[in-house]
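Please consult the sequence and the structure alongside the text.

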Amino acid sequence: MNASPEAAVEQPATPESRSGRLHGITYWSVMTLGGLGLLMAINQTFNLELLGFQPLGNAYLYYLIGIFLAAAFLCFPSWSGAANRVSWYDWPLAVAALVTCGYLGFHGLTMIQQGWEFMAPTEATVAASVLLVLVLEGVRRCGGWPLLGVALLFGTYPLYADSMPGFLWGNEYSLGEAVRAHVIGVESIIGIPMQVVAQLVIGFVVFGAALTVTGGGEFFMRFATALMGRSRGGPAKVSVLSSGILGSLSGSVISNILTTGPITIPTMKKTGYPAHYAAAIEACASTGGTLMPPIMGAVAFIMASFLGVPYSEIMIAAFLPALLFYLALLFQVDNYAAKRGLKGLPESEIPSLKATLKDGWPYLFSLVMLIYMLLFMRLEAYAPYYATVVLLGISLFKRRHRMNGKRALAFIQDLTTSVANLVAILAGIGLVVGGLSYTGVAGAFSRELLLYADGSIPLMLAAGAVTSFVLGMGMTVSACYIFLSILLAPALVNAGLNPLASHLFILYWGMMSYITPPVALAAITASGVAGSNASKTGMYAMRLGGILFILPFLFVLNPSLILQGELTDILTSTVTAITAIWLMASAMEGYLYRVGLLGYPLRALVMVAGGVLIYPDLVTDLIGFGLLALTYLWHWRFRQPVAASVR
């Protein structure tokens, strides 16, 4: 899930010291809130009726928002100077969140029966107003000023929509009507994003937290090292593989870097990778976790809800694009290592694969069990809880991984900070969804985009890529996706593109802003770990990600790459796509297998061969493979591509 950076930092000796803000009464208050929120989620998911308590859907959402928004005010500082202490005003904000949400939750059934969204008692409107202000402060703390600006702009849109020109015109709301619509209505703060968190995402956060505190992160790092450590450029490949695995479980780019980076980056530097290149590799590898099944992050569950399909379909569709993403990185780091003669890790630093699997098989077993329940049993809401119980049950028999008191406290803290971060951000993003929905502007925008594009799919995709990329600079991946799935995705689908591929296209491009200047949050975070120049790291991350920018066009134009269509088409498209990214990686790094260093004439030829293979067509495939064959024939005939400088 989109865990906060605080939740990813290495665990010190005592749980209370894991965050500078959380100690004493603050620590135990947050732990109590987190435990209460977890019990409420389990009670709701399994219909346990603990103590005779089983709130209605909207009441449950209000209670959950109150609990975790209060925790967010205690966990996340209002400004950088308060990073290591809780300010006096954080407590009143936390209490206000609990009181207002408690009031709204208590009257959940009444507000539906009496239509409070349109006319409510004065005290209900006041409570809604207070909660709206608290949500804005929460999104500022957890999502930053840019996201607050977006939430304010679209959250207040109903107040002035009738004054906007052309397709931007919408229905007008008074201030009281807008407040009630956002807070009491079902399409804004308690809309789809928050419903998905409450019904599905918390369970997967539970599984991820349990995996982490019982030593899963260490196991997957050792597993990646045992598999890839010996090969040339082994540390870089370990970074790619381990970041992909752990990123798929957390879905958070920044926390992934902070978790794996302190291990992988120094190892890469020690074996000959420059600091900026090592940081760029870690940034790119961690970014791809948002796209990597089985968990992917909150955004994948939101996508499933928007499309009205089971989450398992999103998992299946995202599998091959994610595989191509990491293959592209592996090809590049392997070519880089071959070109510069970089070796793998010393044998003494490589763990035994057999011993690693023997010690860590519970993690793989619980992960396989989770995937099985998602894909075949379709138990989306229950699967992560069952997998967590199995993992914790098995770990009881293994002393190193057993859930003791210290780990239980760390588990609750990780869970609380992660869910609090999610709730604070997605409640604010709900204002964007509500503002566009209530005014009716979303549908008008899509129609206008179709009109301007005049049926040109390449033009629409280019516009969508640029828009997703720009918005991704100032938003989280989830926020960017939610915004564009409302505005842009309908236009792409109406233009004839595959709905699932269109939504993945938007997600992918929003994700790529993490490694691209000027913002490049992943590159900046990794450069801090590596001690490298942030700008240089960002440029190299963008260079490493050069092929990655092409991948979304591959699968949006060719649904076979999201595993839809005939088996022969899927196999053909997969082989062609893998060949294309291999050739483009070879051209970018200037090294080709069985050839060696590439001089620029052949380097250009290899790039063209990879480029034409991108377009799904028999003619382009024949041209691409023909150019590849020509490259090898040229080499075998003249034996002279060894001219490229190593840089």
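The sections below treat the basis of the model, several helices, and some backbone details.

## Basis of the report

The model is predicted; local features need pLDDT of at least 70, side-chain atom pairs count only at pLDDT 80 or more, and totals for chains, interfaces and linings use all residues. Residues are numbered from 1 along each chain as its sequence is written, and side-chain values use heavy atoms, with hydrogens and water left out.

Helices (H or I, at least four residues) and strands (E, at least two) are DSSP runs numbered from the N terminus.

## The crossing of α2 and α9

Helix α2 (residues 57-75) meets helix α9 (residues 192-213), their axes coming within 10 Å and crossing at roughly 80°. Axes here are lines fitted to C-alpha atoms, for helices over the stretch in contact, with angles from 0 to 180 degrees between N-to-C directions. The two helices α2 and α9 are therefore roughly perpendicular (65 to 115 degrees; under 35 is roughly parallel, over 145 roughly antiparallel, the rest oblique). On the α2 side, the contact (heavy atoms within 4.5 Å) is made by Tyr60, Leu61, Leu64 and Ile65, and on the α9 side by Met194, Gln195, Ala198 and Ile202. Of the residues in this contact, seven are nonpolar, one is polar and none is charged. In this classification Ala, Val, Leu, Ile, Met, Phe, Trp, Tyr, Cys and Pro are nonpolar, Asp, Glu, Lys and Arg are charged, and the others, Gly among them, are polar.

Asn58 is also found in helix α2. Asn58 is buried, with a relative accessible area of 9%; buried means under 20%, exposed over 50%, and partly exposed in between (1.4 Å probe, protein chains only). A polar atom of the Asn58 side chain lies 3.0 Å from the backbone oxygen of Gly108. Beyond neighbours within four places in sequence, Asn58 is in contact with Gly108, Met111, Ile112 and Ile190.

Helix α18 (residues 405-439) has 35 residues and spans 51 Å from its first C-alpha to its last, close to the expected 51 Å; the expected span is 1.5 Å times one less than the number of residues. Of the 35 residues of α18, 29 are buried, leaving the helix mostly covered. At its N-terminal end α18 is capped by Asn404, with a side-chain oxygen 3.3 Å from the backbone nitrogen of Lys406. Just after α18, Gly440 has a positive phi of about 80°.

In helix α8 (residues 175-183), the buried residues are Ala178, Val179, Arg180, Ala181, His182 and Val183. Their cover includes α2, α3 (90-106), α5 (122-143), α6 (145-155), α7 (157-160) and α18.

## Pro552 in α26

Pro552 is in helix α26 (residues 551-557) and is buried, with a relative accessible area of 0%. Not counting residues up to four places away in sequence, Pro552 touches Phe505, Tyr508 and Trp509. The C-alpha atoms of Pro552 and Ala501 are 8.5 Å apart, although 51 residues separate the two in sequence.

## Backbone details

Most residues other than glycine have a negative phi, and most peptide bonds are trans. Glu49, in the loop between α1 (24-46) and α2, has a positive phi of about 55°. Arg594, in the loop between β1 (591-592) and β2 (596-597), has a positive phi near 65° and is exposed, with a relative accessible area of 75%.

The peptide bond from Pro293 to Pro294 is cis, with omega near 15°. Pro294 is in the loop between α13 (275-287) and α14 (298-307).

Methods:
Polar contact = N/O pair within 3.5 Å; in protein donor to acceptor, adjacent residues only side chain to side chain.
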